[in-house]
Amino acid sequence: MAARKQGISIDFSAFSDLIEQLEKLGANIEDIVADAMEQTAETVEVDTVAAMASANLPAGGKYSQGETMASIVRNAKAQKNGVSVEIDIGFDKTKSGAGGFLITGTPKMRPNYALEKIYGTKKYESTLKKDIDQLLQDEIDERLGS
Amino acid sequence: MEDALITILESFKYPVYRQGSMSNEEKYPETFITFWNNDSPDHAHYNNTNYGTSWDYNIFVYSSDPAKVYELLSNIRTALKAASWVVPSQGMDVNSDEATHTGRTIEVYYLET
């Protein structure tokens with residue numbers, strides 16, 4: 001998953017200790033990482049849709065409908081590519097009306113505060129990392145029967 | 001920290017605004033710079049006391065001349081790096097309110113201790 005402003009970056013090597021423990025317990029790491037990514041993507045999707053509520057947006061909320069709303073990535077599925085697992089989250093930049101400009105703002109429109117909290121701060125990324133950490137820990141506990 | 005950043009941006013002799021601060025009626029200058037503070041978290045905590053601040057800004061350049069956008073942003077990047085700011089990328093395109101102008105942004109960081 002990748003970086004600030006119009007995306008979120010989470011490097012799964014930060015969880016190498018937990019992943020190593022899961023490997024020793026015979027778990028299918030690729031499936032577990034893909035599942036953790038999909039659950040994280042769902043969290044980002046729910047938070048992005050909430051941030052796009054008209055009350056949170058400039059211009060009377062006209063961007064909470066139509067193309068920009070449709071450009072939010074929904075029900076994202078992890079793609080396994082040999083040694084890596086990837087997933088798209090946030091706004092689909094290939095679609096017209098993608099909401100990047102709401103995150104960066106323009107000279108005449110301030111960046112959207114609710115979206116910026118998701119895509120522009122380390123705090124949100126840190127919350128997602130804690131969630132992933134807990135997911136991996138739960139997988140370990142389940143295998144240890146604790 | 002913001003004053004120091006603005007001083008560097010103003011040294012390029014183009015108008016400097018906070019992102020979103022222009023009115024709908026205002027016309028874009030030919031070339032101008034905007035900035036936005038994304039975050040300013042504590043760098044670390046020792047003995048329940050914060051230590052340092054991680055300043056995180058976006059710098060935007062807009063111009064009616066696309067080549068100027070790249071040139072000016074590159075010069076700003078060089079100046080900020082010389083002043084100990086971390087600028088980890090060459091930037092990305094951003095939307096402009098005016099069809100006559102193109103814009104790009106870089107994200108810049110400064111650790112104040």
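Analyst: Two residues are in contact if their C-beta atoms, placed from the backbone, lie within 7 Å. Helices (H or I, at least four residues) and strands (E, at least two) are DSSP runs, numbered from the N terminus. This is a predicted model, in which local features need pLDDT of at least 70 and side-chain atom pairs count only at pLDDT 80 or more, while totals for chains, interfaces and linings use all residues. Residues are numbered from 1 along each chain as its sequence is written, with chains lettered from A and ligands numbered from 1 in the order in which they are written.

User: At what angle do helix 1 and helix 6 of chain A pack, and how far apart are their axes?

Analyst: Two packed helices are described by the angle between their axes and the distance between the axes. The axes are lines fitted to C-alpha atoms over the stretch in contact, and angles run from 0 to 180 degrees between N-to-C directions. Here helix 1 (residues 16–24) of chain A packs on helix 6 of chain A at about 20°, with the axes 10 Å apart. Helix 1 of chain A is therefore roughly parallel to helix 6 of chain A, a term for angles under 35 degrees.

User: Which residues of these two helices of chain A meet?

Analyst: From helix 1 of chain A come A:L18, A:I19, A:Q21 and A:L22, which meet A:D133, A:L136, A:Q137, A:E139 and A:I140 of helix 6 of chain A. The residues of this contact divide into five nonpolar, two polar and two charged. Ala, Val, Leu, Ile, Met, Phe, Trp, Tyr, Cys and Pro count as nonpolar, Asp, Glu, Lys and Arg as charged, and the others, Gly among them, as polar.

User: How many residues does each chain bring to the contact between chain A and chain B?

Analyst: Chain A brings 16 residues and chain B brings 19 residues. On the side of chain A that touches chain B, helix 4 (100–104) and helix 6 (122–144) of chain A each supply at least two residues. That side has seven charged, five polar and four nonpolar residues.

User: In what sense do strand 4 and strand 6 of chain B pair?

Analyst: Two strands pair if DSSP finds at least two bridges between them. Strand 4 (residues 49–63) and strand 6 (residues 102–112) of chain B are antiparallel, over 11 bridges; B:T53 has B:E112 in strand 6 of chain B as its bridge partner. Strand 5 (residues 92–94) of chain B also pairs with strand 6 of chain B in the antiparallel sense, over three bridges, and B:M92 is bridged to B:T105.

Key
Angles under 35 degrees count as roughly parallel, over 145 as roughly antiparallel, 65 to 115 as roughly perpendicular and the rest as oblique.
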